[in-house]
Amino acid sequence: MSRQPATRLAAEARHQTVLIARDPGPMIGYTVMGLLLITATRPLYTALGTVIPGPPSAGIDQAAAGMAVMFSLFALKVGAAHLLNERTWHTWERLLASPAGFGEILAGKALPIFIAIAAQQALLFGFATAAFGLHPRAGWWALAACALAWSACVLLLGSGASTLARSPAQLSAAGDIVALLTSVLGGAIIPVPLLPGWLRDIAPASPGYWALNAYRAALTGTPSQLGRPLLVLGAFALAGAGIAALIGASQHSTALPVRRQRRTRPELTG
Amino acid sequence: MTAVLDATGLVKRFGSTVALDGFDLRVSAGEITGLVGHNGAGKTTFARVTAGLVAPESGVVRVAGADVTRAAARVRPLLGLAPQELALYPTATARENLGAFAGLYGIRRREARIRIRQLADTLMLGDVLDRRVRDLSGGQQRRLQAATAMVHRPRLLLLDEPTVGADPVTRDALLAVVRGAADDGAAVVYTTHYLPELDTLDATLAVADHGRIIARGNRAALLATVPGHAVADFDRPPPPLAAPAGSPAEVCREGTRLVITAPEPASALVPLLAAHPDAVAHLRSIELCPPTLDDLYRHLVKS
């Protein structure tokens, strides 16, 4: 029997993939809605492009980036729900009682969710490219870096949210509000320069704002402006991870820490 | 015999509630210990402490010599836990659930497939392995839960009321597989309120009350300390018979019945009737009721 962390992590990740695949509806829904809204809002953003101050930006840039940010925030709810399910199904304690450490469990569960969110981003930008000629002027690598950073940020914020929620209904309601608020503040629906002044002032508090800044830098060909937004997204991700670790640990403070096995043989009691 | 589980002096409080108050239990390899006690006696808390889910305030639990608190990483691969509540993934199939738990214990996929098939056959789950858990009956879910605890062949199996709500067929299958695990060398702590199950399992007994073990040992030896009953039924109210002076027997008249309560009720009844031959002429029947595990439990808790 192998008890190596990588084997257990792979097993947990495989199992989490199965759980996501068994209930794909919400993820598909949030992706299809993104595709529809990219199509519907592109003419609007193209028209707005002439009145928005700042770098020239094709309508599809704002439509694709805005919808990618907004619907990944809704997808965050899906990821958080998968983590919350472990508690409502009473399986969390069984995971904690297994040889897998807390980090292995979280990483094993998070990896497929991260892949799902990143795949959603790829699909939305892929559609925008194929259907409307989206072209990241800073290069595909820049767009991919943004998508991966944002997916990680969303995932870790979702992990934090899942520890705060007490029930699936609570998570769903709060998730909708947070996703919409973060999207609006970030400028995913209405570009930030067109928001009311007081909303513009607090927009940087939204991780969506930084995600859109990063995407805009990748799409408009200003990679020099990519570093700061990615750093801030990293900080948001760390905050989400911190919440997940702190609150998760306090909620399950009864669980004993798994200490690494010493190389001594167990002493058998007679 | 080697003690796989050795718990000593466990104390655990939840606020003002004392869940464990000096709880001691040793279970050897191949031994099934029936842990019985009323709700709140500390059975589930003990299972959670042993599984490393709750840290005791004092006391030590050792599994195969390793301290559960200090060497959790060494202990956890040796444990199989089936908690009282169903803890399965309802949207996944039975096979996927078993595979997930096997993977968590580091069992390779090929070996897991073989083990899953064995458990499914033993627990009559073969036909439903590819059905989602939410579509299984309650009994099938119970069997699956036990199977997930045993998929990695643990050295210590903690089963917390595994047959709650199970039908007789499910119960028989579960008891057989638990007995089989013990025969293969596992130490089993089997928490239950259905005491006759412990006879089927040929389990030793540990009675918990207020967070500590108040009786521990072989069922027969413990039962010998509990009074049983003999009921003599007459065709008319019997005369007021009394137990001989110094006898531990208690005699009680209930209409036409005479109820003798004594550690060995038959032995107490015979001299009583022999002393009253006129009453014997009216005797219709004698029913001997040896003490049951239920009687033992009530007796211990009462005393």
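Which side chain of opposite charge is nearest to Arg94(A), and how many Å away is it?

Modeller: The model is a predicted one. The nearest side chain of opposite charge is that of Glu93(A), 9.1 Å away. A salt bridge needs the two charged groups within 4 Å, so Arg94(A) has no salt bridge, although Arg94(A) is buried. Arg94(A) is found in helix α4 of chain A, which covers residues 92-96.

The polar partners of Arg94(A) include residues of chain B. The side chains of Arg94(A) and Thr148(B) are joined by a polar contact of 2.8 Å. A polar atom of the Arg94(A) side chain also lies 3.2 Å from the backbone oxygen of Ala87(B). Leaving aside residues up to four places away in sequence, Arg94(A) touches Leu81(B), Pro83(B), Ala87(B), Leu88(B), Phe101(B), Gln145(B), Thr148(B) and Ala149(B).

Chain B itself is divided into domain 1 (3-217) and domain 2 (228-302). Eleven residues from domain 1 of chain B and six residues from domain 2 of chain B take part in the contact. The C-alpha centres of these two domains lie 41 Å apart. About 700 Å² is buried between them, and carbon and sulfur atoms give 78% of that area. On the domain 1 side, α7 (196-201), β9 (204-209) and β10 (212-217) of chain B each supply at least two residues that touch domain 2. The most comes from β9(B), with three residues.

Methods: Residues numbered from 1 in each chain as written. Chains lettered and ligands numbered in written order. Predicted model: local features only at pLDDT ≥ 70, side-chain atom pairs only at ≥ 80, totals over all residues. Heavy atoms only, no water. Helix = DSSP H or I, 4+ residues; strand = E, 2+ residues; numbered from the N terminus. Buried < 20%, exposed > 50% of the residue type's maximum accessible area, 1.4 Å probe, protein only. Lys, Arg positive; Asp, Glu negative; His and termini not counted. Polar contact = N/O pair within 3.5 Å; in protein donor to acceptor, adjacent residues only side chain to side chain. Contact = heavy atoms within 4.5 Å. Domains from an automatic or database assignment. Buried area = accessible area lost by both parts, 1.4 Å probe.
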